[in-house]
Amino acid sequence: MPLSTADWAAISLSLQLATVTTCILLLLGTPLAWWLARTGSWLKGPVAAIVALPLVLPPTVLGFYLLMAMSPTGPVGHLTESLGLGTLPFTFWGLVVGSVCYSLPFVVQPLQNAFAGIGQRPLEMAATLRAGAWDRFFHIVLPMALPGFISASVLGFAHTLGEFGVVLMIGGNIPGETRVVSVQIYDHVEALDYAQAHWLAGGMIVFSFLILLLLYLTSDKAAAGSLQLRS
Amino acid sequence: MSKTPDYKQLIEAHFRVKLSDPLRSAGAPRFELVIDERLAARGVTAVFGPSGCGKTTLLRALAGLQPIHSGVLRVNGVAWHDQAGSLQAHQRPVGFVFQEASLFEHLSVAGNLEFASKRAPERLGPEQIQEITEFLEIGQLLPQKPAQLSGGERQRVAIARALLVRPELLLMDEPLAALDQTRKREILPFLDRLKSELDLPIVYVTHALDEVTRLADDLLIMEQGRVEASGPVDEVLTRLDVPRMLGEEAGAVVEGTVTERDSQWQLLRVDFNGGHLWLRDSGEAIGQCARIRILARDVSLSLADEQASSILNRLPATVIGMADDTDRAMLLIRLAVGDAMLLARISKKSAFQLRLCQNQRLWVQIKSVAVLH
């Protein structure tokens, strides 16, 4: 068996982290992307810029400020402690918070493009056909933006799997708790254990290639187009 | 029909709409639509005007797609917008047909129709749905996707879909404007039938005068966000201040009945409330209604009945009013022919030579008439 128990634990943790993060991002990202696609507010520019920040910032910068915020003396740390949740750094949920911030643009931008692509007209048509706001969202927006949701999910998932810098800053390297695949690979390389590193790193390449291939093969041009992120 | 206004058949529109539309160029002054009208909620009310006059905005405000800034909108006695609040678009019993046939591209034709019928206030039976698909002759299109349809077919599906929500008021925004001549001719008979066979009031926005004269019972003429004239189409089209906006196309519309066929000379006699006219036989059946357009430039005047004339249609008339035409050499004359109104466009020199004056009795000679359907 080329992969050790510790490797499998890291893989399992990575998959859990990516799944939870993607679900949370879809819930948060959908209303945010909807607002960005529709609003005429002056806040649109600043908010879009904030959403896109993780695309350009070094993960260490993001990780550093998240660590500060979530530490017992930071504002988020104060909040979680007063709620009796303890502090988040060096926990799985700390990683989830970090990943949500880190992968936000990869979910919001494809959704925003998909929503903008629908335009106003189908929604107006639906309204004159007696469809209320939720009815319009579920029966017009969701099916029409489905390719956008697929690429948002795939990108959010794959990008979270590939996260390293933020994890190291706020999660450290606790086996079974915060040691995800990327950190495990780093450990192998530090230990000059290149064979193990190859198995994990090569596995990551194959896996990432396959899900992106699946995305390009199954979804139409619109979804593939939204993969061209504005980074 | 009784003359007293029945609030059950009335659109009471007294409101303002302000547009800060980013589509309008930034430097242009903010557009404001001011409507203060009581429209008959029966038959076809055409809203006519140049592009940018606000006619589509008016329609969208009726549908609830464009917020009303202030004022009141009541339809058939029900407040759609007043100080107390506003019904949202999906709460208003309207059907809306957009300019370019907007169908849900992700659904088949059947799916598009079902989207509407499922949301109708009362669930429609399969017979009623079939009746409407047959009415618009779209039965064989049901399994297709909108992308596979021609422009005319798409528009027919869009009309069927609008009818399937059982609207109390059908709003049509230039439904023919995006179609070429052939497709237009394909759709127009359906609009004629819509008008004559369904008891459904229609507000029809257009910038094409031929659609107005063919379909409208009432007419609202708009310019720069204001209503310039409104009333029954025959009356509005013969108003002296209106035709100046129409230029060469100024003229009257009269409605009559085919009463006689002269097979020797290939002519038809049409009786109307101002007498009768002989037209070229275009195959209409005896007893059929005929709408006739008489352009002002095709009407000439003479003081006596010129028997020795090539013109078949000569009718006694009374001068009701005169006004300058946009062309400085010409005058527009409004004439009463029986109970009907006609317009004549003649040169000022002829008017001087005939010594035309108010209430003068004379003869109109009609060079040509066009049957609209």
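This note comments on aromatic pairs, one proline and one surface patch in a predicted model.

1. Basis. The model is predicted, with local features needing pLDDT of at least 70 and side-chain atom pairs counting only at pLDDT 80 or more, while totals for chains, interfaces and linings use all residues. Residues are numbered from 1 along each chain as its sequence is written, chains are lettered from A and ligands numbered from 1 in the order in which they are written, and side-chain values use heavy atoms, without hydrogens and water.

2. Aromatic pairs. Ten aromatic pairs are counted over all chains (ring centres of Phe, Tyr and Trp, the last by its six-membered ring, within 6.5 Å; planes under 30 degrees apart are stacked, over 60 edge-to-face, the rest tilted). A:Phe137 and A:Phe138 form an edge-to-face pair, with centres 5.6 Å apart and planes at 85 degrees. A:Phe137 is buried at 17% relative accessibility, whereas A:Phe138 is partly exposed at 46% (buried is under 20% relative accessible area, exposed over 50%, partly exposed in between; 1.4 Å probe, protein chains only). In chain B, B:Phe96 and B:Phe98 make a tilted pair, at 4.5 Å between centres and 40 degrees between planes; both residues are buried.

3. Aromatic cluster. A:Phe137 and A:Phe138 also belong to one cluster with A:Trp34, A:Phe115, A:Trp134 and A:Phe149.

4. B:Pro167. This residue lies in the loop between helix H4 (151-164) and strand S8 (169-173) of chain B (DSSP runs numbered from the N terminus: helices H or I, at least four residues; strands E, at least two). B:Pro167 is buried at 12% relative accessibility. Its C-alpha atom is 5.0 Å from that of B:Pro93, 74 residues apart along the chain.

5. A:Leu217. Located in helix H11 (residues 194-218) of chain A, A:Leu217 is exposed, at 65% relative accessible area.
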